[in-house]
Amino acid sequence: MPDAPVGSAAVLVLPVGQVVAFSCRRGDLLNAAHGPGAQEGIRAHSRLQKKKPAASVAEYRLEVTLSRRGRRLQLSGRADLFHPQQTPPLIEEVKSTYCPPQALAESQRYLHWSQLKFYGFCHLLQQSGHADSVRLAMLWYDLKADRVHRQEEVLQRCELEDFCLPLIDAYVAWLELVEQQRSQLSLTAGRLDFPFNDYRRGQRDLAVAVFRSLRDNTSYLAEAPTGIGKTVSSVFPAVKAMGAGHIDKVVYLTAKKQGRDAVRACLAALGAGGLQITSLVLHAKNDICECRSGGCELNEEGVCPLRLGFFDRLPAARRELLQSGCIGAETVREVAARHRLCPFELSLQVLPWVQFVVCDFNYVFDPLVGLSYFRDNDSRIGLLVDEAHNLSDRARDMYSVRFSRAAVLGLARICEPLRPGLAASIKGLARAIDRWSKPLPPGFSATAAKAPTITRAVEKLVQALELLHQQGLNCPDAVAEWLPDLYRYRKVEPLAAAVYRTMTEKAPRRQGDKTVTFKCLDAGDFLRASYTGFHGQVLFSGTLRPFAFFQPMLGLDPHTARMSLPSPFSSSQQGVVICDHIDTRYKHREPAVAQIRAVIDSTFRARPGNYLVCFPSYRYLDRVFDDFVGHYPQRLAVRQQPGSGDEVRERFLSHFDSGAETIGFAIMGGIYGEGVDYAGDRLAGVIIVGVGLPQVNPPQELMRQYYLQRGFDGFDYAYRYPGMIRVLQTAGRVIRSETDRGVVVLADRRFGASFYRRLFPAHWQVCHCRSAAGLEQALAGFWQQPVDNCPLN
């Protein structure tokens, strides 16, 4: 973004790199590849600059002022080498590559030369008419061959003006559109009223905290119970902060479709109240890709045709999309289809220019997928993180990477017909996995040591990929989809070893697979580093207890301001019952099956309606489901299946319409136990079987040992706290509005222990039942009494 508003009297500062990146890209959108690293590039530049004559200048600064479109512009940049002693003066620009220039894609060479021509244009302007020509030389340093390739031209002032001025005009015209939209936001946000007649209890407190945090560039952690209206309580004050000029834009992170839909609905409500804002809901590539939905077919080289000629068709599509205002998936698809562009990549191109972005955690925190725009930007961006209780687990996954030898060899076979050189490099990685795992015993093993053999193979493979990229050649899409794992490894391998373990799983048979996982056990420090790119961050969720557990996990300072808001609803709307007579610990699970069946039946008979019965694992879910339907075939019972897609998910939820009588068997904290709004009488209650402990497995045991070594209770941090988060999220499905009413049945005697009672929400008023008859009596009493006069409370 420019340093000065286009509509202001101040000079508009335009770095040459910005103008070139916006106006000079053309040709195909190539698969992402990372060229020579920063250190390699610095060494190459330094080597050439050290050879310069004494009269020459390294890092030649260029800064000129000119008038275009009625504005004063300052164009600035820094050329690698300047030789004023030559006639005409010579400017040289150095680019590091892995191949000779003739092997580079034409679009790459054009971009390089565009930057150099802008430097020549600026130099001649700096001479104030004393020179009419300049020599320009592009030096491509082929790192693989250790050789410099030179291409040189002498260009006249008029030639450079004809090239540069239209590109400057195009960029300034775009900035004028962006500034016009920014002015409309400021004007309408200042007049905006809260979109509802009144605040619910706690809403105003949360809204004030959000506004102050974004205004003052501070962090804030808020536990806001389900139903309080977290979305509008965070979006509304963030928009007001933008309107007041405290921040330039907002990024709202949410991991689930329901969260994205809630933000869109909130922005629409604010729009109905007069707000004019540009927003983008950024969807995952898998959700919006035309190749996956059958909208296009890969060509004979396995490349999506919507990527070919992408930058040639981009300018018109980008303008049309930005002028759409609030941009959702439907709008992106429509505009992309008209211009024959990849919809996902088109949305990324418009993202820097909208005022409100809604996206997943990974676009900010992921070391690979995270958008550089959020890191390398001078704009003041406010960060809102919804469902923050999920962030620590997600972040650990973002900073971990897994390689499977069988999968790697499968990709090599795909590459062999069209890209045999790349296939050979991929096989090199498979051999590295073999060498690393050979001395290890079958089964699981873990070490704090890194895997240098795998690192070397990855580096060789990355060089092969970069060579293809610079030549303008794509790899098959199947390989392109795997590349994030490769580049993720490069990103995380150099990071702090203290929070990493290298895990190896080796099948007992010689023909079996071998996998190596670089596992992150604690991503708190990485999250903390990510926050520095934002102007204030507010993290909120319905489940953030205890704060002492979440603050370090989320990378927040121990002194971070925080609040725990009360429920906006009456405690008498919800009955909470603990079944003290049920023990679901592993060795007692089989005897408990009949007891759980009786609990489900008693709960349903007390008030027929829709119920969720949530389990810690699919195995136990299936066991109880089969037992229940065997005894009660007349009841409508449905169960969650592993890996359910959107269609299956919608079919499951369709059974929970108002007035239905469905018993749904689901996984605790899964897609039905979290992030679904069962409003009204769509849900009469939930039965939570067990305390939600994660499965005991080697990675979870590594977590337990890690926290134990740091002075914490390892079992609590690895098992009990994560389990209780799942329990509380599932229980939060029951009461969603002032008119809802329902029950939460906790089917495990462990809930009566002090550890769990301390984590219960303050508005829970719990009843203990020591038998099936006691449960029936308690539930009957709850449903028979009016609100605010219930025996369970």
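Six of the six residues of S22 (residues 662-667) are buried, so the strand is largely enclosed by the rest of the structure. The model is a predicted one, in which local features need pLDDT of at least 70 and side-chain atom pairs count only at pLDDT 80 or more, whereas totals for chains, interfaces and linings use all residues. Residues are numbered from 1 along each chain as its sequence is written, and side-chain values use heavy atoms, with hydrogens and water left out.

S22 pairs in the parallel sense with strand S20 (residues 611-615) over five bridges, and Cys614 has Ala666 of S22 as its bridge partner. Strands (E, at least two residues) and helices (H or I, at least four) are DSSP runs numbered from the N terminus, and two strands pair if DSSP finds at least two bridges between them. Strand S21 (residues 636-639) also runs parallel to S22, joined by four bridges; Leu636 is partnered there by Thr662. From S21 the chain crosses through helix H24 (residues 646-654) to S22 in a right-handed β-α-β crossover, a term for a path from the first strand over the helix to the second that runs clockwise when the strands point away from the viewer.

## The seven-stranded sheet

These strands belong to an open sheet of seven, ordered S21-S22-S20-S23-S24-S19-S25, with parallel pairing. S21 and strand S25 (766-769) stand at the edges with a single partner strand each, so one side of each has no neighbour in the sheet. From one strand to the next the twist averages 20°; axes are lines fitted to C-alpha atoms, for helices over the stretch in contact, and angles run from 0 to 180 degrees between N-to-C directions.

S20 is joined to strand S23 (residues 685-689) by four bridges in parallel, and Leu612 has Val686 as its partner in S23. Helix H26 lies across strand S19 (574-579), S20, S22, S23 and strand S24 (742-747), at about 165° to S23. Helix H28 (residues 772-784) packs on the sheet as well, touching S19, S20, S24 and S25.

## Gln729 in helix H26

Gln729 is located in H26 (residues 714-731) and counts as buried because its relative accessibility is 8%. Beyond its neighbours within four places in sequence, Gln729 contacts His389, Ser541, Gly542, Thr543, Gly673 and Glu674, where contact means heavy atoms within 4.5 Å.

## The eight-stranded sheet

A second open sheet has eight strands in the order S10-S9-S11-S8-S12-S17-S7-S18, paired in parallel. Its edge strands, S10 (326-327) and S18 (561-564), each pair on one side only. Within this sheet, strand S12 (residues 381-385) and strand S17 (residues 537-541) run parallel and share three bridges; Val385 stands opposite Leu539. Helix H7 (residues 257-272) packs on the sheet, touching strands S8 (249-253), S9 (279-281) and S11 (356-359).

## Helices H17 and H18

The axes of helix H17 (residues 420-437) and helix H18 (residues 452-470) come within 8 Å and cross at roughly 170°. H17 and H18 are therefore roughly antiparallel, the description for angles over 145 degrees, with under 35 counted as roughly parallel, 65 to 115 as roughly perpendicular and the rest as oblique. Among the residues that meet are Leu422, Ile426 and Trp436 of H17 and Ile454, Leu461 and Leu468 of H18.

Conventions
Buried means under 20% relative accessible area, exposed over 50%, partly exposed in between (1.4 Å probe, protein chains only).
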